[in-house]
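Hello,

Here is the structure I wanted to hand over. Please have it open while you read the notes under it.

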Amino acid sequence: MLYEKQPFYKIPRDLCLIKYRNLPLREYDKGLDEDLCCFPTTAGLYWLKHEGTQKKFIGDLVSFFNILKLETFVFMCDENKPWISKFTSKRTDSKALTKALDYFKAGKVRTKFNGGLLVHTFEFTEFLTHFFMLVRCDGGFSYYHFIDDKNDFVFSLLYSGELNVMTLNKKADKRLHSLLSDSNFSDTGREYSDRIG
């Protein structure tokens, strides 16, 4: 299978916009001086928290995806901007960030690539470790979302370790509710989000 040859695959942004229409999008309107946002219709919107180290968080996140039987994700920024900013690409103040940048550069994700990345289950732990490091070290990374191959869920990670989950249909929403108790994630209690349990 193709997935076994490399950790992730680059998808041009225009193809992602056509194929993964439920990924959130955002564009700045100069005339209105505001961001215009486009979000999918959801069955539920949840904010989940996790108690533990970053390593445990990533491990439990991968386990959670396995419980949900999710095998492939496409990651993309909701804005038309490159994955790696020029500023971030030159930073040397963190060994973990440098390691993350090297990981993405090895996959040919550099300062001009603005498309999506297709990631298969065997690479989740490694990918999410480096992805989360970019989320924590680059404020613009808080607007990256990822969607599963069945079009059931859209996720995003905050630098704090909170996980945003949008369920895209009632069946997925019911599945999330029934399986969340088997994970190490719980409801944050955030305002303007749905409750679990």
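Below are notes on its aromatic pairs, charges over rings and nonpolar cores.

Keep in mind that this is a predicted model.

Aromatic pairs first. The count comes to 29. Take phenylalanine 64 and phenylalanine 185. Their ring centres are 5.5 Å apart and their planes lie at 35°, so this pair is tilted. It links distant parts of the chain, 121 residues apart. Phenylalanine 64 is in helix H2 (residues 54-67), and phenylalanine 185 is in strand E10 (residues 185-187). Both phenylalanine 64 and phenylalanine 185 are buried.

Now phenylalanine 146 and phenylalanine 155. Here the centres are 5.4 Å apart with planes at 25°; planes under 30 degrees apart count as stacked, so this pair is stacked. Phenylalanine 146 is buried, at 0% relative accessible area. Phenylalanine 155 is also buried, at 0% relative accessibility.

Two charges over rings are worth a look. The charged end of arginine 190 sits over the ring of tryptophan 47, 4.0 Å from the ring centre. That of lysine 10 sits over the ring of phenylalanine 113, 5.0 Å from the centre.

Then the cores. The largest nonpolar core has 47 residues. Trp83, Phe104, Phe127, Phe131 and Phe155 have the most contacts inside it. Helix H5 (residues 124-137) gives the most to this core, with eight residues. Another core, of twelve residues, lies apart from it; Ile11, Leu23, Leu118 and Ile147 are among them.

Finally, which residues does phenylalanine 127 contact, leaving aside neighbours within four places in sequence? They are Phe8, Phe75, Trp83, Tyr103, Phe104, Leu117 and Val119.

Best wishes

Methods. Residues are numbered from 1 along each chain as its sequence is written. This is a predicted model: local features need pLDDT of at least 70, side-chain atom pairs count only at pLDDT 80 or more; totals for chains, interfaces and linings use all residues. Side-chain values use heavy atoms; hydrogens and water are left out. Rings of Phe, Tyr and Trp (its six-membered ring) pair if their centres lie within 6.5 Å; planes under 30 degrees apart count as stacked, over 60 as edge-to-face and the rest as tilted. Helices (H or I, at least four residues) and strands (E, at least two) are DSSP runs, numbered from the N terminus. Buried means under 20% relative accessible area, exposed over 50%, partly exposed in between (1.4 Å probe, protein chains only). A charge sits over a ring if NZ of Lys or CZ of Arg is within 6 Å of the ring centre and within 35 degrees of the ring normal. A nonpolar core is a set of buried Ala, Val, Leu, Ile, Met, Phe, Trp, Tyr and Cys residues joined through side-chain atoms within 4.5 Å. Contact means heavy atoms within 4.5 Å.
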